[in-house]
Every structure is written in C-alpha cells, then in structure tokens.
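Please read the following briefing alongside the sequence and the coordinates.

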Amino acid sequence: MSQTSAAINQTAIDITGELKSNAPAFKENRLNLEKHVLKSLAEKKDFQRYIHYIKNPQSYTETFITEQVETLLGTEYKDKCQSFFVTNISNLQTHIRQALHEVSKKIKSQNRDIVYWLQEFTTIIKDKLTFGTISSENFTDVKDFDFLKEQIEKGLDGIGADLKKLSVDKLKKSRQRPDQILIDQLCDCCWEKCPFCGAVCTNTVKDHKTAKEGGIDHSVPFHRSGSLKGWHYRHTVQMSLDFCTTKVASDRLFHPDYSDRTVPFKTYRSAGPPYDTWSITPDLFQLSYWQWVVCTFKDDLEKHFNLKYEGRGEIPKAWKEITFEEAIRSLEEMYK
Ligand SMILES: [Zn+2]
Ligand SMILES: [Zn+2]
C-alpha cells in the first residue's frame with residue numbers, strides 16, 4: 001500500500017500552491033517571472049547562461065524554475081514541506097481507519113467473505129491510495145476479517161517512521177513534481193522572439209492569433225540591443241548596437257535576409273514573416289539593464305558572434321557607467 005507516496009503526491013501539490021502564492025518569482029504574472037530570470041542571470045554573471053536564455057528563453061526559464069524550486073524547497077520552504085507531509089499522512093491515516101471501520105461493520109452485518117471485504121475497502125479508499133501487495137489472493141485462507149483489519153492498522157502505525165524522512169529528493173519522485181507543475185502553468189504562453197533583438201513576446205496565450213488572423217501581434221514592453229542577437233552592419237564586423245525600438249523610429253534600412261534586399265526600419269512589416277507579425281512601437285527608451293549586459297559581456301559577445309563593438313557599433317560612454325545596482329533597479333522600475 002503506497003500510503004507514503006500518496007502523501008508525497010499531495011504534498012507536491014500543496015507546496016506548489018504555497019510557492020505560487022508566496023515565492024516572489026512565481027506569485028505574479030509572466031512578466032514578473034521574466035524579471036526574476038533576468039535578475040538571476042545578472043547575479044550569476046555567467047555568459048553561457050545568457051546565451052542559453054537569449055537563444056532558447058523557454059528552455060532557460062524552465063531550468064530557472066527547476067533550480068529555484070530545488071533551492072526553495074531545501075531552504076525557506078523546507079519546514080513547510082514537512083508540515084504539509086505530516087498533515088497529509090495523518091489525513092490519510094484517518095481516512096483509512098474510517099474505511100476499515102465502515103467496511104468491517106458492513107461485512108459483519110451482511111456476513112460476507114474476505115474477497116468482498118477487500119473490494120469494498122479498496123473502493124472506498126481508491127481515490128487516495130493504490131494497493132500494491134495486498135490483494136485478495138494473498139488472503140484466501142484468512143477467514144477472519146479482523147485479522148486483515150489488524151494488519152492494516154499495524155501498517156498504519158508503522159508509517160510514523162517515514163514522517164521524519166521527507167526530503168526534496170522524495171518530492172522529486174512525486175507523480176507531479178512541483179517544478180513541473182509550475183513549468184506547465186507558467187510556461188504555457190507565447191515564446192516568439194523579436195526578430196531584431198530576441199526579446200520574448202509577453203502574450204500569455206500560447207499560439208495566439210496575430211493581427212492578420214484577427215488576433216493581436218507579438219509584442220514586448222522592452223526590447224534590447226540588436227547586437228545581442230548578432231545584428232551587425234553588412235560586410236563589416238561592426239555590431240548594430242541600437243535597440244529595435246530606436247531603429248524603427250529612424251530612417252535606416254535593414255537586410256531582412258542574406259540577399260541584397262533592403263527594407264526601411266520604419267516599415268519593417270513589409271519585410272514579411274516573421275517581421276510582419278510583430279508590433280514594435282518606435283521609442284527612444286533603452287533599458288539600462290541591457291546596456292549593462294552589453295558592456296559586461298562585451299568581450300564574450302564579440303567572441304561569440306565574431307564581431308566587434310567598434311566603428312558604428314562603438315559602445316557609448318554613458319552605457320559603460322551603468323552599475324550592476326542601476327541595471328537591477330531599471331528592471332524593478334520597468335517590470336512593475
Ligand atoms: Zn526587439
Ligand atoms: Zn506572441
């Protein structure tokens with residue numbers, strides 16, 4: 001009888017609810033989760049993680065959730081897990097004792113055999129537990145229901161020893177892991193990336209219709225420097241530093257593909273897919289956070305893309321003066 005695993009499954013569900021209501025990264029909306037992902041990336045200062053995030057934001061966000069849940073369950077939520085587990089074990093014990101009592105009473109008054117006894121018992125508790133080793137075949141020679149009842153009760157008392165052993169590792173074996181439940185809930189949304197900078201569409205609906213299809217186009221409140229996606233001036237190694245919001249406000253042109261075709265940034269939609277399904281509002285605002293990222297990982301980015309922050313891609317002095325604290329503050333202010 002897998003009573004402990006039933007309690008573990010329930011504990012996984014309970015603790016996920018707790019994380020969703022209280023853990024800062026999980027308790028609000030999608031944009032809030034993104035803020036926490038970006039904050040943690042800046043704190044870790046690990047270029048490979050940035051590249052993972054920029055190239056595959058969904059996969060990185062899932063990794064973030066898993067790592068975050070593991071840390072929280074091993075630290076500030078450890079006691080909470082244990083107390084959920086104790087409550088769930090105790091609820092199950094009560095439930096089973098009641099079932100035993102009810103069935104025994106019924107059987108005695110109806111004078112039925114042990115096969116019937118087990119059937120009744122499993123029917124009552126089947127939504128809570130599954131039977132492993134106990135089956136009617138194991139008990140064909142047991143004439144007395146009271147014996148079986150006693151055995152099960154003894155088993156229930158023995159569960160107490162398991163109470164002390166709940167660990168994060170055990171929760172990982174639950175039917176649905178807390179991080180997986182959170183991933184299913186928080187990552188079921190649009191993950192389209194801005195073709196100019198890689199910023200992720202913040203629409204909460206997965207596969208949402210675009211304007212052409214009667215829905216709304218992909219959009220994101222904050223774009224990034226095009227250099228983070230390797231945009232550069234054609235036939236040079238000079239990075240294209242500006243944010244796409246600035247570019248679409250300019251009179252400049254871009255090459256949407258490897259051909260000689262040029263399209264004005266102002267009418268970027270005329271470049272066709274994927275440009276025509278993005279709504280990018282012209283704006284001169286540039287989030288300090290991404291300016292800090294460019295400056296902090298300048299050498300790594302140059303090496304990664306085999307390009308240079310020089311000539312027209314030279315980083316302005318003002319960007320270099322942004323501190324880590326200012327970068328984080330810009331996130332806090334903008335992602336309210
Ligand atoms: Zn963009
Ligand atoms: Zn979208």
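Residues are numbered from 1 along each chain as its sequence is written, and chains are lettered from A and ligands numbered from 1 in the order in which they are written.

**Overall fold**
- The protein chain has 14 helices and two strands, these being DSSP runs numbered from the N terminus (helices H or I, at least four residues; strands E, at least two).
- Of the 336 residues in the protein chain, 32% are buried, where buried requires 20 or more other C-beta atoms within 10 Å of the residue's own, with C-beta atoms placed from the backbone.
- Among contacts with a separation of 6 or more, 67% join residues 24 or more positions apart, a contact being a pair whose C-beta atoms, placed from the backbone, lie within 7 Å.

**Helix H11**
- Helix H11 (residues 288–296) is largely enclosed by the rest of the structure, because seven of its nine residues are buried.
- The buried residues are Ser288, Tyr289, Trp290, Gln291, Trp292, Val293 and Val294, and their cover includes helices H2 (30–44), H3 (47–55), H12 (298–305), H13 (317–320) and H14 (324–334).

**Helices H5 and H6**
- The axes of H5 (residues 78–110) and H6 (residues 114–125) come within 9 Å and cross at roughly 145°; axes are lines fitted to C-alpha atoms, for helices over the stretch in contact, and angles run from 0 to 180 degrees between N-to-C directions.
- Residues making this contact include His95, Ile96 and Ala99 of H5 together with Tyr116, Trp117 and Phe121 of H6.
- The residues of the contact divide into ten nonpolar, one polar and three charged, with Ala, Val, Leu, Ile, Met, Phe, Trp, Tyr, Cys and Pro counted as nonpolar, Asp, Glu, Lys and Arg as charged, and the others, Gly among them, as polar.

**Asn88**
- Asn88, which is found in helix H5, counts as buried because it has 23 C-beta neighbours inside 10 Å.
- Leaving aside residues up to four places away in sequence, Asn88 touches Ala7, Gln10 and Thr11.
- Asn88 and Thr11 are 77 residues apart in sequence, yet 7.0 Å apart in space, C-alpha to C-alpha.

**Confidence**
- The mean pLDDT (the predictor's confidence in each residue, from 0 to 100) is 88 for the protein chain, and 89% of its residues reach 70 or more.
- Where pLDDT is low, predicted coordinates should not be read in detail.

Key: This is a predicted model: local features need pLDDT of at least 70, side-chain atom pairs count only at pLDDT 80 or more; totals for chains, interfaces and linings use all residues. A residue is buried if 20 or more other C-beta atoms lie within 10 Å of its own, exposed if 12 or fewer, and partly exposed in between; C-beta atoms are placed from the backbone. Two residues are in contact if their C-beta atoms, placed from the backbone, lie within 7 Å.
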